[in-house]
Amino acid sequence: MPNFELKTLNGKTFTLYDIKLKKVIIFLNKNNIYSVFYKKNLSKIKHITDKKSAYLIIFVKTKQTPRSALNYISNKHYKPIEKDLYLVNISEVEGIFGINSWPFLVILDEHNKIIYASKIPALKEIEKIL
């Protein structure tokens, strides 16, 4: 997996390779038929990643500014994931992962290799992999 830069909402930058844990990356788009699954299950996914010591990274399909990203997830259902929201060069990351349809979930191992990818992931599968 090619390395790329992530940015926190507070402006701190780091790279994908700086994270030495398994990573669950969610490409979130709340205006899609599949988005209902994510809206309903984001807190469960967050709980699984916390329990299994994995790093949760969420990108939203919007202008990549803190204000736009926070506005995008302003619904109370998304509040638990606010600290897991990152800014990124969206088109670059879509190309790296081959994402052409949002939402999407990818799990990377500690060496940044894709070990799971799904549009509608199975929560039990995520837990088993992590």
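**Close-up views of a predicted model**

**View 1. The loop that holds N112.** In this predicted model, N112 is found in the loop between strand 5 and strand 6. The phi angle of N112 is near 65°, a positive value in a residue other than glycine. N112 has a relative accessible area of 5% and is therefore buried.

View 2. Four strands make up an open sheet with mixed pairing, and their order is 4-3-5-6. Strand 4 (55-60) and strand 6 (114-118) are the edge strands; each has a single partner strand, so one side of each is left without a neighbour in the sheet. On average, neighbouring strands of this sheet are turned by 15° against each other, direction ignored.

**View 3. The pairing of strand 3 with strand 4.** Strand 3 (residues 23-28) and strand 4 run parallel and are joined by six bridges. Within this pairing, I25 has I57 of strand 4 as its bridge partner. Helix 1 (residues 35-51) packs on the sheet, where it touches strand 3, strand 4, strand 5 (104-108) and strand 6. The direction of helix 1 makes about 165° with that of strand 3.

**View 4. The largest nonpolar core.** In soluble globular proteins, nonpolar side chains tend to be buried together. Here the largest nonpolar core has 26 residues, and those with the most contacts inside it are I26, L28 and L105. At least two residues of this core are supplied by each of strand 3, helix 1, strand 4, helix 2 (66-72), strand 5 and helix 4 (123-129). Helix 1 gives the largest share, five residues.

**View 5. The surroundings of L28.** Leaving aside residues up to four places away in sequence, L28 touches a set of residues that includes Y38, L42, I58, F59 and V60. Also among the residues touched by L28 are K61, Y72, I73, Y78 and I81, together with W102 and P103. A second, separate core of 18 residues includes L16, Y86, I99 and V106.

**View 6. The cis peptide bond at P103.** The peptide bond from W102 to P103 is cis, and its omega is near -5°. P103 is placed in the loop between helix 3 (90-97) and strand 5. Both W102 and P103 are in contact with L28.

**View 7. The loop that holds S53.** S53 lies in the loop between helix 1 and strand 4. With a phi near 55°, S53 has a positive value in a residue other than glycine.

Technical notes:
Residues numbered from 1 in each chain as written. Predicted model: local features only at pLDDT ≥ 70, side-chain atom pairs only at ≥ 80, totals over all residues. Heavy atoms only, no water. Pairing = 2+ DSSP bridges. Axes fitted to C-alpha atoms, helices over the stretch in contact; angles between N-to-C directions. Contact = heavy atoms within 4.5 Å. Core = buried A, V, L, I, M, F, W, Y, C linked by side-chain atoms within 4.5 Å. Buried < 20%, exposed > 50% of the residue type's maximum accessible area, 1.4 Å probe, protein only.
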